[in-house]
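Thanks for coming. I will take a few minutes to walk through one model, and you can follow along on the screen.

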Amino acid sequence: SKLAELAEQQEKMLAHDAGAQFTCPQSVHEGLADAMPVVLQLAQILDTDRAVDTISADLSDIELQPLLITLGEHLRAANMSALPLFRQLFSTLQHKNAQLAGQLDRAISALDFDAAVEILQKLLTERVE
């Protein structure tokens, strides 16, 4: 992102000249202003995530399968809608496979959607077998 590039430039400048003073250029202020709507949207999703009801742990594999497929689609698209859906499914997944559910929770919490897709694929494969 633009903000990350600006931060990297400042970091390099400070590393190059240990006596340099950090000055926050206007471009950093603009970058923060540009990033704010995304940050607020993510915060709203995360707040909604806490209030989401869980889906019953008694779901059959047939009922769970389309929800896991939808979760996978969200993860592949790096769609933040994956967060509340996963929170709804978490207790069900823990009931089915606590180890993979924990791994998936850590990957999604770290926003490592690529790793989450791989773990989810293991869960989906396990459901079919």
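One term before the details: a polar contact here is a pair of N or O atoms within 3.5 Å, where, within protein, one must be able to donate a hydrogen and the other to accept it. Keep in mind also that this is a predicted model.

With that cut-off, look at the start of helix α5. Asn 97 caps its N-terminal end, with a side-chain oxygen 3.2 Å from the backbone nitrogen of Gln 99. After α5 comes Leu 111, which has a positive phi near 55°.

Which residues of α5 are buried? They are Leu 100, Ala 101, Gly 102, Leu 104, Asp 105, Ala 107 and Ile 108.

The structure holds one salt bridge, and it joins the side chains of Asp 105 and Arg 87, at 2.6 Å from N to O. Arg 87 sits in helix α4, residues 82-96, and Asp 105 in helix α5, residues 98-109, so the pair ties together parts 18 residues apart in sequence. Asp 105 is among the buried residues of its helix, whereas Arg 87 counts as partly exposed because its relative accessibility is 24%.

Last, the surface. Met 36, Val 39 and Leu 40 make a nonpolar patch of about 280 Å². Leu 40 belongs to helix α2, residues 26-51, and its relative accessibility is 53%, so Leu 40 counts as exposed.

That is everything I have for today.

How values were computed: Residues numbered from 1 in each chain as written. Predicted model: local features only at pLDDT ≥ 70, side-chain atom pairs only at ≥ 80, totals over all residues. Heavy atoms only, no water. Salt bridge = Lys/Arg side-chain N within 4 Å of Asp/Glu carboxyl O. Helix = DSSP H or I, 4+ residues; strand = E, 2+ residues; numbered from the N terminus. Buried < 20%, exposed > 50% of the residue type's maximum accessible area, 1.4 Å probe, protein only. Patch = residues over 30% accessible without salt bridge, like charges linked within 9 Å, V, L, I, M, F, W, Y side chains within 5 Å. Areas by Shrake-Rupley, 256 points an atom, 1.4 Å probe, with all protein chains shown as cover.
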